[in-house]
Amino acid sequence: MPRLALVEPKDATGDAARILASAPINIYKGIAADPEVFTTFIAFMRSIGTSGAITKAEKELVMLLAAEDRHCAYCVAAHTRVAAGAGIDAGRALDARRAKASAPKEQALLDFTKAVMAKNGCVSDAELAAFRAAGFDDRAAIEVVAAITAMTFTALYNHVNETVVDFPAVPAV
């Protein structure tokens, strides 16, 4: 049962009304209780993976690993669904949560993501060089950090709120 206020789509105004009309998911209903944070959060999420630095599928691999790292059942379930829309099947999503990928470039992405999270951003020169050697640039590094940041926000919010998961259940890692 959620512990913080929810905004139902019928009660929303402005940008929140438009967003909730198309995506009335529990996390959005909750964050919409603060309209400024909500619209900023949505814009931030939409900005990651749209510049070409990382693809939408790569963004979802990062989100899945970060969701697992942050122990957020809501985030894992939600991003497993979003990842499917980006072409990532259930097995590949589960592997991403385990920091495993069959493609070398994706493995480099997951390795870098895991290092950023484990070292609080203080990755070594060798870890950054390996990420770059896989074909990623500085913008991609920024987008990985942004994705982890977004996931950290949503995971912490979901833990405080005890957000009810409104996505299909996913297997445990």
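**Figure 1. Accessible surface of the predicted model.** The protein exposes about 8700 Å², of which carbon and sulfur atoms supply 59%, with accessible areas taken from the Shrake-Rupley method with a 1.4 Å probe. Of the 173 residues of the protein, 43% count as buried, that is, under 20% relative accessible area with a 1.4 Å probe and protein chains only. This is a predicted model, in which local features need pLDDT of at least 70 and side-chain atom pairs count only at pLDDT 80 or more, while totals for chains, interfaces and linings use all residues. Residues are numbered from 1 along each chain as its sequence is written, and side-chain values use heavy atoms, with hydrogens and water left out.

**Figure 2. Helices and overall dimensions.** The secondary structure comes to 9 helices and 0 strands, where helices (H or I, at least four residues) and strands (E, at least two) are DSSP runs numbered from the N terminus. The radius of gyration, taken over C-alpha atoms, is 16 Å, close to the 16 Å that the globule rule (2.2 Å times the number of residues to the power 0.38) gives for 173 residues, so the protein is as compact as a globular protein of that length.

**Figure 3. Packing of helix α5 against helix α9.** Helix α5 (residues 73–85) and helix α9 (residues 138–161) pack at an angle of about 130°, with their axes 8 Å apart; axes are lines fitted to C-alpha atoms over the stretch in contact, and angles run from 0 to 180 degrees between N-to-C directions. Y74, C75 and H79 in α5 meet M151, T154, A155 and N158 in α9, contact meaning heavy atoms within 4.5 Å.

Notes
Buried means under 20% relative accessible area, exposed over 50%, partly exposed in between (1.4 Å probe, protein chains only).
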